[in-house]
Amino acid sequence: YLKISKLALAFAIIHSKPPGKSSKEYTEHLAKTVSEQDFGWKWKVEVLEAEVLRLRQELLLNRICPRFRLENNTSAETLLNRESINPTSYSSQLEDSGCDVSNDSAFDSLGIASDFHQSEHNVRVPPLNLCHSSKEQSLTAPVQFLQHLLEIRKLSESGILQADFSELENDSFTICNSVSQLLDGLTVFYNNPKFPLSNFLTEAVCVLVSLITDTKLSNHVLKKCFKKLEEFKKNLIQIILRNSSVNRFQALHSVSQTLVLLGKNNVLRNSLISLLLSEVRQFAEQLLQAHQVQSVYDITQYENIFPLCMILEQLLQNETGESNVSSSDYEGEEKIKFLKNLDQIILHLSEEFPLFSLYLWRVSVLLNSAQMQ
């Protein structure tokens with residue numbers, strides 16, 4: 001039946017083609033026309049879906065706090081009595097290889113770390129016309145919604161507003177979609193980053209970190225969006241491992257610092273440590289195998305494994321410094337696998353790969369220190 005249908009369509013195209021056009025040209029014209037129509041409908045559907053989500057976001061905010069008004073942000077500005085903040089200048093930021101990633105000051109040059117600490121005390125609402133690129137445009141709605149949510153949280157904590165955050169339990173769709181859009185937008189950017197970073201992308205990272213570290217909101221978000229957050233972490237790790245561009249180190253550093261900031265949440269930190277232990281262990285075993293048989297190894301992946309080692313070390317250092325944090329999530333299978341035969345791996349790799357062996361040893365010391373505590 002399918003063959004007969006295709007044959008009938010071919011004959012219909014041949015008989016109906018206008019003079020002066022070949023059958024192939026006419027077929028391509030028809031295919032282009034149909035695809036344009038499909039694209040038009042898809043675009044209309046996306047616009048309508050975005051509008052529905054925006055209305056649901058406004059409705060949810062109104063249910064949480066009826067006194068909170070979004071029109072022109074006048075009510076919010078009056079309640080907060082915010083001072084105008086000049087956007088950070090990124091003119092001095094490197095646009096070449098960005099190799100200077102030896103300490104946290106390099107991350108501060110991206111504007112993310114300093115803006116994050118600032119936003120912990122002053123949640124800002126971006127104007128509607130803030131975005132200029134398609135990547136940023138996809139982040140506008142979720143960032144604004146989540147910023148309003150954080151703003152209500154801050155005002156309710158200070159006693160200025162009364163808010164009922166149990167409403168988040170009754171509308172999981174809105175919070176899930178908003179967080180998912182934010183994570184997808186950040187993933188798109190990190191896959192193909194443009195430097196210097198815009199203020200808006202910096203703010204998007206700040207909003208995400210503020211959301212997952214807020215004592216009241218993080219539980220709601222983790223309950224609804226844990227799988228999406230896990231997928232986001234895995235994507236960022238793979239972005240680090242697979243990046244082979246020459247000028248990649250500045251981008252890898254910004255991704256690394258985003259992962260470190262995600263680790264500020266105890267639940268995400270434990271699962272992130274497990275993911276990193278698995279990736280570093282697998283690479284160490286592959287490198288040992290390649291070294292033993294004198295085969296070629298991937299030098300790019302070898303260079304990219306160091307950001308993962310540094311993230312892992314920083315998270316474990318934070319872990320040992322907080323005795324009230326349980327590390328049971330990664331003390332099981334992944335920790336056992338990592339420490340198994342580690343001394344032998346270090347012994348065989350130390351001469352040829354001294355820096356990587358040193359990182360393996362430092363991570364093992366931190367793992368054992370956490371266990372002792």
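These exercises work through parts of a predicted model. In this model, local features need pLDDT of at least 70 and side-chain atom pairs count only at pLDDT 80 or more, while totals for chains use all residues. Residues are numbered from 1 along the chain as its sequence is written, and side-chain values use heavy atoms, with hydrogens and water left out.

**Exercise 1. The whole chain**

Solution: 
- Step 1. Helices (DSSP runs of H or I, at least four residues) and strands (runs of E, at least two) are numbered from the N terminus.
- Step 2. Buried means under 20% relative accessible area, exposed over 50%, and partly exposed in between (1.4 Å probe, protein chains only).

**Exercise 2. Gln 57**

Task: Decide whether Gln 57 is buried or exposed, and find which side chain Gln 57 joins in a polar contact.

Solution: 
- Step 1. Gln 57 sits in helix α2, residues 23-64.
- Step 2. Its relative accessibility is 4%, so Gln 57 counts as buried.
- Step 3. Contact means heavy atoms within 4.5 Å. Apart from neighbours within four places in sequence, Gln 57 is in contact with Ala 141, Pro 142, Phe 145, Thr 174 and Ser 178.
- Step 4. A polar contact is a pair of N or O atoms within 3.5 Å; within protein, one must be able to donate a hydrogen and the other to accept it, and residues adjacent in sequence count only if both atoms are side-chain atoms. The side chains of Gln 57 and Ser 178 make such a contact at 2.8 Å.

**Exercise 3. The faces of helix α16**

Task: Name the buried residues of helix α16 and explain why they line one face.

Solution: 
- Step 1. In α16 (residues 342-349), the buried residues are Leu 342, Ile 345, Ile 346 and Leu 349.
- Step 2. Viewed down the axis of α16, these buried residues fall within an arc of 95°, so they line one face of the helix. The arc is that of the directions from the helix axis to the C-beta atoms.
- Step 3. An α-helix has 3.6 residues a turn, so residues three or four places apart point the same way.
- Step 4. Asp 343 and Leu 347 are exposed, on the face turned away from the buried side of α16.

**Exercise 4. Leu 275**

Task: Find which residues Leu 275 contacts outside its sequence neighbourhood.

Solution: 
- Step 1. Leu 275 belongs to helix α13, residues 266-292.
- Step 2. Leaving aside neighbours within four places in sequence, its contacts are Glu 230, Lys 233, Lys 234 and Ile 237.
- Step 3. Glu 230 is 45 residues from Leu 275 along the chain, and their C-alpha atoms are 9.5 Å apart.
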